[in-house]
Amino acid sequence: MSSRLDQVEESATLRLADLTNELKRQGKDILSFNLGEPDFNTPSNIVEAAEKALKSGKTHYAPAAGIPELRDAIAAKLKNENKLDVPGKNVLVTPGAKQAVFYVTFSLLEEGDEAIVFDPGWVSYDACIKMSGGKTVWVKSNEDGSLPRDLSKYVNKKTKLIILNSPNNPSGAVLDTKDIRMVADLSKDHGLYVLSDEIYEKIVYDVKPVSIGSMIPDKTVTINGFSKAYAMAGWRIGYAAAPKPVFQNMLKVQQHTATSPTTFVQYGALEAINGPQDSVENMCRQFKERRDVVVKGLRDMGLQCETPLGAFYAWPKVKGSSEKWAEKFLEAGVGLTPGSAFGPHSDDHIRMSYASSMNDIKKGLERMKKCVTGA
Ligand SMILES: Cc1ncc(COP(=O)(O)O)c(C=O)c1O
């Protein structure tokens with residue numbers, strides 16, 4: 001067995017979701033708040049576009065970097081919405097944003113190189129860094145999700161990459177311009193690349209996230225996808241916009257692994273970008289209502305919880321081991337993800353996804369309250 005994988009753990013979020021589903025299959029009454037994807041169906045205009053492509057023979061290999069129409073549409077979207085000046089030829093369409101994250105770490109890191117990841121951070125960054133031979137340097141975010149001021153102390157000769165994720169999974173925090181500028185300055189001072197994972201950019205509540213690629217275009221790889229904004233998680237489609245040398249490396253990895261993203265799926269993605277956006281707005285409105293109920297419910301049971309400004313997760317603080325809490329909640333019929341999955345400094349939090357019906361959320365909060373207060 002390759003030693004590269006010795007340090008990589010099985011995805012804790014997927015493991016917990018599997019365990020919860022297994023308990024459900026056994027007939028246990030479990031309300032699951034582990035979900036990392038919208039509980040809505042893909043909008044019908046997108047399904048129809050992919051269906052049409054499938055029926056009209058778009059079933060052959062696609063160009064390795066993606067179909068040109070989609071790459072150009074993504075470049076136009078990035079220009080209009082994110083102020084990024086990236087040509088379509090630097091856009092790589094990938095089988096999901098996760099795959100793009102791996103391509104970046106695999107393209108940039110040499111054995112022993114370091115990558116800065118903010119804690120809490122999404123579970124797969126650390127795994128992708130390790131699988132690429134690198135080392136994760138965890139930097140604890142502040143409780144409100146903002147970044148610590150003294151970032152340069154984490155940089156040394158081996159540091160190559162910083163990973164940003166705003167809105168953040170698991171905390172729902174959105175970085176303000178000041179923090180983004182600080183990371184841009186750090187990148188300039190030390191020649192570091194930034195991977196900006198913007199997959200939750202459209203699921204935000206009264207804020208507009210800033211794309212760091214508008215400040216340091218030559219050093220940023222912007223990653224995004226369709227899973228969250230368009231409820232297309234199972235379609236496996238995402239993208240990266242990268243400076244030319246990074247793009248070329250990423251393309252090589254895609255050519256020799258995935259070949260290309262699924263051809264007819266790309267026509268669905270094209271419709272997602274070019275078609276009506278009302279379903280995104282509608283989904284966001286519902287998420288916001290749920291967020292308010294969740295945050296109030298958590299605070300009412302005495303848990304400290306920041307108001308998430310984006311994504312669909314709440315990130316309350318718990319006293320003691322988060323895994324013990326997750327087990328306790330599971331016994332009470334509520335599936336949550338322990339904070340320990342999201343970094344070494346996050347064992348005092350737990351993640352609650354509110355990609356579930358309002359009914360389930362209210363019932364789940366009742367069960368949690370009994371568990372926390374013993375009432
Ligand atoms: C922060 C973050 N980035 C990337 C992804 C992966 O997205 P995709 O489904 O496009 O691979 C997820 C999915 O949970 C995520 O939470």
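Colleague: What makes the pair E143 and K317 a salt bridge?

Modeller: This is a predicted model, and in it the closest N and O atoms of E143 and K317 are 4.0 Å apart. The rule asks for a side-chain nitrogen of Lys or Arg within 4 Å of a carboxyl oxygen of Asp or Glu, and therefore the pair E143 and K317 is called a salt bridge. Across the interface of domain 1 and domain 2 the rule finds three salt bridges, while a search of the whole structure finds 19.

Colleague: Why is the pair E51 and K55 called a salt bridge?

Modeller: Here the closest N and O atoms are 3.9 Å apart, and because the cut-off is 4 Å, the pair E51 and K55 is counted. Both residues belong to helix α2 (residues 44-55), where they are four residues apart, about one turn of the helix.

Colleague: Why are α9 and α11 described as roughly parallel?

Modeller: Helix α9 (residues 278-300) packs against helix α11 (residues 358-373) at an angle of about 10°, and their axes are 10 Å apart. Angles under 35 degrees count as roughly parallel, so α9 is roughly parallel to α11. On the α9 side the contact includes E289, R290 and V293, and on the α11 side it includes M358, I361 and K362. By class, the contact of α9 with α11 has seven nonpolar, one polar and three charged residues.

Colleague: How do you know that domain 1 and domain 2 are in contact, and what area is buried between them?

Modeller: The chain is divided into domain 1 (3-42 + 278-373) and domain 2 (60-274), and the C-alpha centres of the two domains lie 24 Å apart. With contact taken as heavy atoms within 4.5 Å, 38 residues of domain 1 are in contact with 38 residues of domain 2. The area buried between domain 1 and domain 2 is about 3,100 Å², with carbon and sulfur atoms giving 60% of that area. Of the area that domain 1 buries against domain 2, R4, L309 and F342 supply 20%, more than any other three residues.

Key. Residues numbered from 1 in each chain as written. Predicted model: local features only at pLDDT ≥ 70, side-chain atom pairs only at ≥ 80, totals over all residues. Heavy atoms only, no water. Axes fitted to C-alpha atoms, helices over the stretch in contact; angles between N-to-C directions. Helix = DSSP H or I, 4+ residues; strand = E, 2+ residues; numbered from the N terminus. Parallel < 35°, antiparallel > 145°, perpendicular 65-115°, else oblique. Nonpolar A, V, L, I, M, F, W, Y, C, P; charged D, E, K, R; others polar. Domains from an automatic or database assignment. Buried area = accessible area lost by both parts, 1.4 Å probe.
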